[in-house]
Structures are given as structure tokens and as C-alpha cells.
Amino acid sequence: MTVTQITETMAGVGGLPPYRSGEDPWTTDEVGELQAELEGDAARLRREISVAETGIADLLRDSGEGAGDDQADAGTKNFEREHEMAIANNAREMLQQTERALARLAAGTYGVCESCGEPVGKYRLQAFPRATLCMSCKQRQERR
């Protein structure tokens, strides 16, 4: 690998995200597709959060009307409420990761590992566009 190739690999070419050795460089079309996918995911997650919050509000409103429910009914309502809250929290976390990826794209830092500063890897980002860590750093994080 030449010095020029190493420099392009680390910094990306023409403002495009960096890529790892052995991967093809990003193209403008690929980055555009990735951005469109992230924007679509963000819109879908906002809708899911809205639906889940409406469901939670309905369950909380109905919880006062259930006075006199037997233990099975009360347990079912608690389970449904906790399930809706888990869905909403998961969607909020995914939305936060998606918005962070979009902000990193706009700032020109997308594709750089937040831990070691090496390229995250084009193929990893195509499979998981919200990734902020390269495989080595992610594996190290998961072992802790």
C-alpha cells in the first residue's frame, strides 16, 4: 500500500467517509443511500415513539378505571404498560443513535471510530449504519 492509499484510507476521499484497507472506497451514491436510509429510519422511529407514547397514555388513563380488577387483570395491565414503555425507550435510543450518525455525516466525522480514530469500516457501516466503533474496539467494549 502506498502512502497516498494509506492517507486516503484514513481520511476518505473528497470528504467521503474513510474505509479500511482491502475495502473499496465510498462513492457519493453509496453515502447518499446511507443518508437516505438513516433519515428514513429516523422518521420511522419518531412515528413508533409517538404510537408507543399514545399507548402508554391510554394505559395510564385506563389504569384508574380498573379499580376492582382481579390480580390477573391488574398483572396484564402492568405487563402491557411496561411493554409499551420498553418499546418507546428502545425506539428513543435507536433514534438518538440515528441522529448522531446523521450529525457525524454532516460534520465529516462519520466512519471514524470514536475510540481509536481508525476507520470503522465501510462494510460494517453498510451493515450497521449507526456504528461508532470499529470491530476491534466494539469487541473490546463487549468483553468488559
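Student: Is R100 buried, exposed or something in between, and what is its relative accessible area?
Tutor: In this predicted model, R100 has a relative accessible area of 43%, so R100 counts as partly exposed.

Student: Which residue does R100 form a salt bridge with?
Tutor: R100 pairs with E114, and the closest N and O atoms of the two are 2.4 Å apart. Because R100 lies in helix α3 while E114 lies in the loop between α3 and α4, the pair ties together parts that are 14 residues apart in sequence. E114 counts as partly exposed, at 37% relative accessibility.

Student: How many salt bridges does the structure hold?
Tutor: The structure holds 8 salt bridges, and D41, R44, E48 and R130 are linked in a network of them.

Student: Where do D41 and R130 sit in the chain?
Tutor: The side chains of D41 and R130 meet in a salt bridge at 3.5 Å, N to O, and this pair links distant parts of the chain, with D41 in helix α2 and R130 in the loop between α4 and α5, 89 residues apart.

Student: Are those two buried or exposed?
Tutor: Both D41 and R130 are buried.

Student: What about D41 and R44, how are they placed in helix α2?
Tutor: D41 and R44 are separated by about one helical turn, because they are 3 residues apart in helix α2, and their side chains meet in a salt bridge of 3.7 Å, N to O.

Student: New topic: which residues touch the most other members of the largest nonpolar core?
Tutor: Of its 17 residues, W26, L38, Y110, C113 and L125 touch the most other members, and α2 and α3 each supply at least two residues of this core.

Terms used. Residues are numbered from 1 along each chain as its sequence is written. This is a predicted model: local features need pLDDT of at least 70, side-chain atom pairs count only at pLDDT 80 or more; totals for chains, interfaces and linings use all residues. Side-chain values use heavy atoms; hydrogens and water are left out. A nonpolar core is a set of buried Ala, Val, Leu, Ile, Met, Phe, Trp, Tyr and Cys residues joined through side-chain atoms within 4.5 Å. Buried means under 20% relative accessible area, exposed over 50%, partly exposed in between (1.4 Å probe, protein chains only). Helices (H or I, at least four residues) and strands (E, at least two) are DSSP runs, numbered from the N terminus. A salt bridge is a side-chain nitrogen of Lys or Arg within 4 Å of a carboxyl oxygen of Asp or Glu.
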